[in-house]
Amino acid sequence: MATQSLSSLLSISSSSSLRSLGRYFSWGRAINRFSTSVAIEEPIRPTVQIDYTQLLINGQFVDAASGKTFPTLDPRTGEVIAHVAEGDTEDVNRAVSAARKAFDEGPWPKMTPYERSCIIYRFADLLEKHRNEVAALETWDNGKPYEQAANVEIPLVIRTFRYYAGWADKIHGLTVPADGPYHVQTLHEPIGVAGQLVPWNFPLLIYSWKVGPALACGNTMVLKTAELTPLSALYVSKLFLEAGLPPGVLNVISGFGPTAGAALCSHMDVDKLDFTGSTNTGKIVLELASKSNLKKVTLELGGKSPIIVCEDADIDLAVEHAHSAVFFNQGQCCCAGSRTFVHESVYNEFIEKAKARALKRVVGDPFKKGVEQGPQINGAQFKKILNYIRSGIESGATLEYGGERVGSKGYYIQPTVFSNVEDNMLIAKEEIFGPVQSILKFKTLDEVIRRANTTQYGLAAGVFTKNINTANTLTRALRVGTVWINCYFVFDAAIPFGGNKMSGNGREKGMSGLSNYLQVKAVVTPLKNPAWL
């Protein structure tokens, strides 16, 4: 889900119409005086305490074996929030050993499913009780707006755990008719020890997508946090212990990709890997799995998702959803709608309204009420986005609005809108992972289907039309894992999520998420003189 380079191996670290106020911004000009981006003042200090910075191994918070720590930074300022234990190969070995013992000998997979369900429900209740502290940690470490974390993401995390708590005692196999006097049944069994690697853009939400189904199915796990955002996972894992989760069932390692991440993916006693991150790093995860013990791998990777606005679309609705689709979470979302295809008959109207909406977007300290967009995650991502913006200008796209830094401290970037974008431009081909909207023009349905599918990715898409036949045609033609019709970013614990092509394999959430952590065993028993077959 997070964009990633090969050099950072396994470092994981998604209205009403307005009169246009935008005008052309050339590279390097100051922020327009009409912008609602707020002045970046002295940042608000959150009141939450940083109490958990060690590794969680076998039910205890402990220092790394090496004694090393690394800083986690506030993206609003680049200053250190806390120093966190830096896990390495020895720590991964200790964590995997604890998870293996908890699976082979411990109570978790031997508990009744109902008992497991009760512990997960208790955890969800504790998470709801501490939701404000958790949201503050997520915002402080990541830079996402506090209102987004507290009112959208943490409720989704709670809902996901309650969803999988409800599944724990409803997982069962089948009785299968066979040709002959045999009783045949299938057992759905936990896989064993799962290695999980979560990204930095939605640290806790994707934690829930992986930990929830793994626990419901009776597995144990070792989870590696993203080194850019380790704090929230450590905090909520403490709540799991408080809820009664046995020692060794959930182990949490903070550390870096080339060390802790690679050790986890290569470990011979890990039975399954679940990774969310970039496509390049996903390839390395698969390679390490294949070179070790051929462990099962689920991947949710990058995207360059198209939004298609047809000539009959509700333009105001499409503008608002397309805006949210690319600017939500500072554009740091794997399924961001970063290629907006608009029919030529409504293209100019869409551009003017998209500019006006971007102009209205409030950028500032994510702890400040009413702020829609906080800083990018770090300096490297900040520079990368600005380089993509420069590339768009130099390749001939029209910069309608934005394109510049906001303030002089931290990693804030204006919401940026490009028109006259062509398919061969880098801003239309590569995953920017930032607040940059590329708007392209199309003429026919066949043309836009071909262009939308001409990409290595296949994660999601949005379609805006009032014609059910057009919607059905596009739904079936687009080679993606999710299609949203006249909406975008509708997430629910029950809706499966994942990609096609180089956006990954497997699905998370919903019933599909359970299959990642189960294996099927067939049991065949002869029948003597059966009354029926």
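Predicted model: local features only at pLDDT ≥ 70, side-chain atom pairs only at ≥ 80, totals over all residues.
The largest nonpolar core has 96 residues. Within this core, the residues with the most contacts are Phe161, Tyr207, Val211, Leu215, Phe240, Cys335 and Phe350. Helix α4, which spans residues 146-167, supplies the largest share of the core, with 10 residues. Apart from this core lies another one, of 29 residues, and Cys310, Phe382, Val436 and Ala461 are among them. The surroundings of Cys335 can be listed once its neighbours within four places in sequence are left aside. Cys335 is then in contact with Ser305, Leu459, Ala460, Trp484, Tyr488, Phe489, Phe491 and Phe497.

Helix α7 (residues 257-266) is largely enclosed by the rest of the structure, because 7 of its 10 residues are buried. The buried residues of α7 are Gly257, Ala260, Gly261, Ala262, Ala263, Leu264 and Cys265.

On the α9 side, the contact involves Ile315, Asp316, Ala318, Val319, Glu320, Ala322 and His323. These residues meet Glu349, Phe350, Lys353, Ala354, Arg357 and Ala358 of α10. Sorted by class, the contact of α9 with α10 has 7 nonpolar, 1 polar and 5 charged residues. Phe350 of α10, which takes part in this contact, is also one of the residues with the most contacts inside the largest nonpolar core.

In the second pair, helix α3 (residues 131-142) packs against helix α6 (residues 231-243) at an angle of about 160°, and the axes are 8 Å apart. With this angle, α3 is roughly antiparallel to α6. The crossing in which α3 passes α6 is right-handed. The contact is made by Glu133, Val134, Leu137, Glu138 and Asp141 of α3, together with Leu231, Ser232, Tyr235 and Val236 of α6. By class, the contact of α3 with α6 consists of 5 nonpolar, 1 polar and 3 charged residues.

Backbone angles were considered next. Most residues other than glycine have a negative phi. Leu294 has a positive phi, near 55°, and is not a glycine. This residue, Leu294, lies in the loop between α8 (279-291) and β11 (296-300). The relative accessible area of Leu294 is 68%, so the residue is exposed. Phe433 likewise has a positive phi, of about 60°, although it is not a glycine. Phe433 is found in the loop between α12 (426-429) and β16 (436-442). Its relative accessibility is 3%, and Phe433 therefore counts as buried.

The loop between α8 and β11 also holds Ser292. Ser292 has a relative accessible area of 17%, which is under the 20% cut-off, so Ser292 is buried. Not counting residues up to four places away in sequence, Ser292 touches Cys265, Ser266 and Met268. One of these, Cys265, is among the buried residues of α7. The C-alpha atoms of Ser292 and Asp269 are separated by 9.5 Å, and the two residues are 23 residues apart along the chain.

Definitions and conventions: Residues numbered from 1 in each chain as written. Heavy atoms only, no water. Helix = DSSP H or I, 4+ residues; strand = E, 2+ residues; numbered from the N terminus. Buried < 20%, exposed > 50% of the residue type's maximum accessible area, 1.4 Å probe, protein only. Core = buried A, V, L, I, M, F, W, Y, C linked by side-chain atoms within 4.5 Å. Contact = heavy atoms within 4.5 Å. Nonpolar A, V, L, I, M, F, W, Y, C, P; charged D, E, K, R; others polar. Axes fitted to C-alpha atoms, helices over the stretch in contact; angles between N-to-C directions. Parallel < 35°, antiparallel > 145°, perpendicular 65-115°, else oblique. Left-handed = near helix turned anticlockwise from the far one by under 90°.
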